[in-house]
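Q: Please take a close look at the interface in this structure. I would like a connected account of how the two sides meet.

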Number of protein chains: 2
Amino acid sequence: MSGPTRAPTLADVAASAGVSLSTASLAFSGNKPVSAATRERVLAAATELGYSGPNPLARNLRQGRSGVVGIAVGQLSTAFRDPAALAMLDAVSEVLGAAGLGLLLMSDDDEHARLPLDAVIYDICGRETWAAYDDLVARDVPLVVVEGPEWPGSTYIDIEHRAGSAALAEHLHALGHRDVAAVTLVASHPQREREAGLRDVFPDARVLGACESDVAAAQSLVARHLGDRGPVSAIVCQSDVQAAGVVLEARRRGIRVPEDLSVAGFDGVATPWLDLELTTVVQPLADKGRATAEAVLGRIAGAGVTDVVLPVELRVGESTGPA
Amino acid sequence: MSGPTRAPTLADVAASAGVSLSTASLAFSGNKPVSAATRERVLAAATELGYSGPNPLARNLRQGRSGVVGIAVGQLSTAFRDPAALAMLDAVSEVLGAAGLGLLLMSDDDEHARLPLDAVIYDICGRETWAAYDDLVARDVPLVVVEGPEWPGSTYIDIEHRAGSAALAEHLHALGHRDVAAVTLVASHPQREREAGLRDVFPDARVLGACESDVAAAQSLVARHLGDRGPVSAIVCQSDVQAAGVVLEARRRGIRVPEDLSVAGFDGVATPWLDLELTTVVQPLADKGRATAEAVLGRIAGAGVTDVVLPVELRVGESTGPA
DNA sequence: GGCTAGCATCGAATCGATTCGATCGAAACG
DNA sequence: CGTTTCGATCGAATCGATTCGATGCTAGCC
């Protein structure tokens, strides 16, 4: 009938239903009881006017919350290439989704200061600095840091990097290995912890080099550096994906795993393209994600900071054997 | 000095700087010129009061935009297990991020009606129905559908499924193959197009079965059904990840690729854990992501619907050979 | 019958900015 | 010198809801 008339608001609905704005609001939100008849009338008026529910922007302003939680993951392209990151993300999303919160991806080059975030999850992915951090602190946005360095005021979720790494090292030591090398991730807090665990058993373990958690990256790293520093009977990696790359590259060069070289991973994710089961340190990825999400919910609800450290478990597979 | 006083607002800053609220606003937004001296004064007052910039929730209400774009991907855990999805996501995020927009993950079980979204990308991932769709339409949220069925009012981004699939089929036909089977994705619009392309060349090609784009899923599918329906000299898959699973499973059973069986994929992503290059249909994943993001920007800016169909290209690798 | 409870509803304040139109001075111009 | 123009600033309206406190009305109780 009419031209491009503006979208109806709750006030229009209230007027059309013959009730006050506040009653109409209550009919939608259910925050206080409204008689069934009134609710009917309001909803009918809404349908007739083509009103599709309260404007979330307005509600957000009034309530001071946006319902959106950011998750900083460094570079998107590399962060999710590892199934371990996905497993955790999945659990985070599940818990937050059930609470009605959305999850917003933040890659660290972007300018996110203008977005309204109720909290931010900082999943370090190999970086210790992050441009937006100070800004978030200034804006009083609750922060939950996963496997990062502890920061004052932020909740801290972690796993037993050092103990897990040491348990794996002891396993190798018991097998008779003495010349052990590591493929590491780029410098970061968890990386240092893991190296410390390795050195608890092998004080002068060598570092072959650092690379991302990526099959191809590990392959080319090993290809470049395997012969560099004398004989090595075992290589420990910082992810199963890296370990898979090392196994594949070793085989390509005629080195048998585990007969000639033992290889170990970290995480405990499935590697279906590898025909042997990796020896690895299994971390509870889903638990980590859930703990992270629950920490977020707690912080949003105003609870204090409660850190979590989750246990890991050595799983001996077929990729390690006697020296 | 004082107790838990409420966070300062722009009005406080304006008062402290001795300017009007509107001038203070302009000093931050720069939407109209403000003298340098005034801006200095406002910013100084802000610093002193610990004001961390205009509240995004308030700005959002006023401007009617949230700066957040949703992306629906079905199940998170399965959607991003394929590097093709990640490559596209990466490009989307890059373009949207540059425009100051955030990307919010929507898994299809969640209730996202309460979130303020400026637009939604619908990356089908094998599903044709999606609970929130009607709601989004009712709320007039611009929709961009990637590889989905066309829906009135939504922008449509696609690739040449049928032509690409047919080109691959012709390649196999030229190699002498006559008994060809397909591993498919679950029923969906692109899946049907691709089957049509296959049947343009092999009218009675068989479907071994459908599974997700996942190495392990393809392996077990092939393990169950390879012998089911007589001899097959070539298997076409709907993703390189699936194809990798088929290659690995074939080898496990002593079937050589490509000597005994030709295997083809789709997408053109890297499969570093496979020691042979797959024959595949390469799609421009980054272009697809960019086109999607640009469509979103256009729709948010109020532009009309402009669909995009991107070309694909056959890449002959080492996984296909003479029948 | 008078008094108290309790439920449904309403009016008004509020969330924190952006932005339109008006005003005021000073510079530019003839 | 009078007038026009333009830039800087201000006041007030606005975005669209939620929510607090007050009011009216009905029912229950002694």
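A: In this predicted model, the rule for polar contacts finds 2 residue pairs across the interface of chain B and chain A, both at pLDDT 80 or more. On the side of chain B that touches chain A, at least two residues each come from α4 (56–63), α5 (76–79), α6 (83–98), β2 (102–106) and α10 (215–225) of chain B. Sorted by type, the residues of this side of chain B comprise 23 nonpolar, 13 polar and 7 charged.

The extent of the interface can be given both in residues and in area. Chain B contributes 43 residues to the contact, and chain A contributes 43 residues. Between them the two chains bury about 3,700 Å², with 66% of this area on carbon and sulfur atoms.

Strand pairing also links the chains. Strand β2 of chain A, which covers residues 102–106, pairs with β2(B) in the antiparallel sense, and the pairing runs over 3 bridges. Within this arrangement, Leu103(A) stands opposite Leu105(B), a residue of β2(B). The strand β2 (102–106) of chain B is also among the elements that supply at least two residues to the side touching chain A.

Asp214(B) has its place in the loop between β7 (206–210) and α10 of chain B. Because its relative accessibility is 17%, and buried means under 20%, Asp214(B) counts as buried. A polar atom of the Asp214(B) side chain lies 3.1 Å from the backbone nitrogen of Ala216(B). When neighbours within four places in sequence are left aside, Asp214(B) is in contact with Arg81(B), Val241(B) and Gln242(B).

Leu261(A) is found in the loop between α11 (240–252) and β9 (262–264) of chain A, and at 5% relative accessibility Leu261(A) counts as buried. Leaving out neighbours within four places in sequence, the contacts of Leu261(A) are with Val232(A), Ser233(A), Ala234(A), Ile235(A), Ala250(A), Ile255(A), Arg256(A) and Ser319(A). As for Asp200(A), which is 61 residues apart from Leu261(A) along the chain, the C-alpha atoms of these two residues are separated by 21 Å.

Conventions. Residues are numbered from 1 along each chain as its sequence is written. Chains are lettered from A and ligands numbered from 1 in the order in which they are written. This is a predicted model: local features need pLDDT of at least 70, side-chain atom pairs count only at pLDDT 80 or more; totals for chains, interfaces and linings use all residues. Side-chain values use heavy atoms; hydrogens and water are left out. Contact means heavy atoms within 4.5 Å. Buried area is the accessible area (1.4 Å probe) that two parts lose on being put together, summed over both. A polar contact is a pair of N or O atoms within 3.5 Å; within protein, one must be able to donate a hydrogen and the other to accept it, and residues adjacent in sequence count only if both atoms are side-chain atoms. Helices (H or I, at least four residues) and strands (E, at least two) are DSSP runs, numbered from the N terminus. Ala, Val, Leu, Ile, Met, Phe, Trp, Tyr, Cys and Pro count as nonpolar, Asp, Glu, Lys and Arg as charged, and the others, Gly among them, as polar. Two strands pair if DSSP finds at least two bridges between them. Buried means under 20% relative accessible area, exposed over 50%, partly exposed in between (1.4 Å probe, protein chains only).
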